[in-house]
Structures are given as structure tokens and as C-alpha cells.
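Please read this briefing beside the sequence and the three-dimensional view, moving from the chain as a whole to its sheets and then to single residues.

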Amino acid sequence: FVNAPNFAESGMDLPVEISWLNNSDQTFNNLKIKITATAGALDVKATAKANNLKIESGNLIIDSSARTALAGGKPGASDKFTVNLKLLSTLALGQVENAYLEITPAVVAQLSEVPGQNFEPLGNPAKIPLASELKLKAEARYYTPEGDQLGRGPLPPRVGQTTKYWIFVQINNTSNAVNSAKFSTTLPEGVSFTGKQSVTIGPEIKYDAGSKTVAWNYNLIPANSQAGLYFEISATPTAGQAGRNLNLTDALNFTATDDFVNKNFNLTRPGLTNVLSSDDLGSSKGAVVTQ
């Protein structure tokens, strides 16, 4: 890899230098270079388009239309060039843990003395660790996607009356375990933590009534897993909030470290309102506060 970073990650452009040399006394015809990559990491179509390459059976093919030197396979022939690899915007590595991106070149050619018989020696691969992908998803719910009621109180909310919602926070992790996981948010005025909660891993959520901070810390989220943090809040609108939607949380923050590649994550998403998802039965009843 050219000026290789410590790790590769989704959406990255990653240049790789390829060189070949015919150090035999044989002449080769129909020279091509085939590049194979770790399944689910490389955007083969985008890479081919960006570098004017071809695709055969899911592999990148470099022929003489892209590199003129491949038209001549005489003894001593050689070439060196760079291909700009494009990684998928979302990797699809399956359940692999501590994954690497490995790029392996091979020369595909025919000996001029033995026409019709392919000769395909493998080259030296280039290998680099892949960072895990973390995604933070959060939503307010009154009903589960299956239609079970979670919330309590009027919908739409009414001035002076309390409506209870559940906040769903999900952290989706892929190929590497992450450590020192921390989640936090604060609750606006008029919104309170009821104490009802459910977590799928680690300790309970903690609430600081003075700072109105909701927080959760844990030392490890395993590879290829989802951590779920679910808690109930109550909101009592004031007269000044009539005709408006309610803010249920301030910005939501999540941090963690992928020690396999030494990458720190700092994820933030905007605060939640009481506008419910379309798959929540409560969404049809509206979110604007009424008198």
C-alpha cells in the first residue's frame, strides 16, 4: 500500500502499488494481472470504473488496454503502477472477527511456446487491518414495531398532562470488539427519567437528577453484536409549548475504542423529539402539543 495508514475503513480510497517483472527467459502472450480482494471489503465496480479496469468473476482485471506494458511479455519486461482501491461504504464481512483487507495479485499469461495453456503465478499480497464499523441509532417510541404499547398518557400530548415515552438506543458493531464504551445524553426541562429501563449488556443506566444526565458505561461490546439501551422518560408540556413538538432529549453521544486498529469513535446524533417513527402506531395520533 502507498503511504499505508495504520488501518483501512469503509468508504476509504486506498492506493496500492503493483509491479511485475518477467525475470525468466520465456516470452509470454496475452498478459493480464488479476487482483483478488477480501470478500465484502472492496467496491469492485467503483474501483474498476475509477482505474479503467475490467471485471471477471468478481475480480479486477488489468490488461494491455489499461497498461500498455502488458502487451509485451518478453524476457526482462516489467512495469510498476498504482491502482486506487475504493472500499465499500458499508463493509459486508459476515461474522469475521479482526478482519484484514488483503489484496492478492496474479499474472495470467500464456507461454508463447505452449499456446492455449494459461500460466498464473501468484504475487506477493498486501494486507492491512480493517476497522470495525459502529453505528448509533436512537428513536422515541410509544409502541413497539410489533404494536405493543410502551408509552402512557395522552397522544398527542396535552398541556399540564404527562405522557411517557421510551427511548430506544442501539449501537451496532461489526468486525472488532470495542472497549471503553460510553453513552450519554441530557434531558430538557419538563422531561424526566422515570427509572424504568432495560439494557442488553453491561450495567444499568445511571441518571443524575442534578445535571439531568443519562449515562451508561461498559468495558466491552463484542464484535458483530448490538448493544441496546432502553429507558422511559416522562414529559409534561407547559402552556408555552402548545402548538409545538416536544424535545425529549438533547444530543446523544457515544464513544468507544477499537483496540485492534487503535481507532477512537466519537458518535453523535441530534436530540430526539416526540415525532414518532412511521412504524409506531402512535405516529398517526400526532406530536403537536394541544391545550
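This is a predicted model: local features need pLDDT of at least 70, side-chain atom pairs count only at pLDDT 80 or more; totals for chains, interfaces and linings use all residues.

Residues are numbered from 1 along each chain as its sequence is written, and side-chain values use heavy atoms, with hydrogens and water left out. The secondary structure of the chain comes to one helix and 17 strands, where helices (H or I, at least four residues) and strands (E, at least two) are DSSP runs numbered from the N terminus. The radius of gyration is 28 Å, well over the 19 Å that the globule rule gives for 291 residues, so the chain is more spread out than a compact globule. That radius is taken over C-alpha atoms, and the globule rule is 2.2 Å times the number of residues to the power 0.38.

**The chain as a whole**

- Along its principal axes, the C-alpha trace of the chain spans about 90 × 35 × 30 Å.
- Of the 291 residues in the chain, 41% are buried, where buried means under 20% relative accessible area, exposed means over 50%, and partly exposed lies in between (1.4 Å probe, protein chains only).
- The chain exposes about 14,500 Å², and carbon and sulfur atoms supply 46% of that area; accessible areas come from the Shrake-Rupley method with a 1.4 Å probe, and for residues only the protein chains shown count as cover.
- Among contacts between residues at least 6 apart in sequence, 75% join residues at least 24 apart, a contact being heavy atoms within 4.5 Å.

**The sheet of five strands**

- An open sheet of five strands has the order E13-E14-E11-E16-E17 with antiparallel pairing, and two strands are said to pair if DSSP finds at least two bridges between them.
- The edge strands of this sheet are E13 (206-208) and E17 (263-269), each of which pairs on one side only.
- Neighbouring strands in this sheet are turned by 15° against each other on average, direction ignored; the axes are lines fitted to C-alpha atoms, for helices over the stretch in contact, and angles run from 0 to 180 degrees between N-to-C directions.
- Strand E16 (residues 252-258) runs antiparallel to E17 and is joined to it by seven bridges; Asn253 has Thr268 of E17 as its bridge partner, and Thr255 has Asn266 of E17.
- The hairpin of E16 and E17 has four residues between the strands, and Asn262 takes a positive phi near 60° in this hairpin.

**The sheet of four strands**

- Four strands form an open sheet in the order E9-E10-E15-E12, and the pairing is antiparallel.
- Its edge strands are E9 (134-141) and E12 (191-199), each pairing on one side only, and the twist averages 20° from one strand to the next.
- Eight bridges join E9 to strand E10 (residues 163-173), the two running antiparallel, and the bridge partner of Ala138 in E10 is Val169.

**Pairing around strand E2**

- Strand E2 (residues 28-37) is joined to strand E6 (residues 100-111) by eight bridges, and the two run antiparallel; in E6, Val108 is the bridge partner of Lys32.
- E2 is also joined to E4 by three bridges, again in an antiparallel arrangement, and the bridge partner of Ile33 in E4 is Ile62.

**Selected residues**

- Asp63 has its place in the loop between strand E4 (59-62) and strand E5 (78-86), and its relative accessible area of 10% makes Asp63 buried.
- Not counting residues up to four places away in sequence, Asp63 touches Leu31, Lys32, Lys54 and Leu70.
- The side chains of Asp63 and Ser65 are joined by a polar contact of 2.5 Å; such a contact is a pair of N or O atoms within 3.5 Å, where within protein one must be able to donate a hydrogen and the other to accept it, and residues adjacent in sequence count only if both atoms are side-chain atoms.
- Thr144 is found in the loop between E9 and E10 and counts as buried at 11% relative accessibility; leaving aside neighbours within four places in sequence, Thr144 is in contact with Leu150 and Asp279.
- Pro5 lies in the segment before strand E1 (13-21) and counts as partly exposed at 33% relative accessibility.
- Pro5 and Asp259 are 254 residues apart in sequence and 15 Å apart in space, C-alpha to C-alpha.
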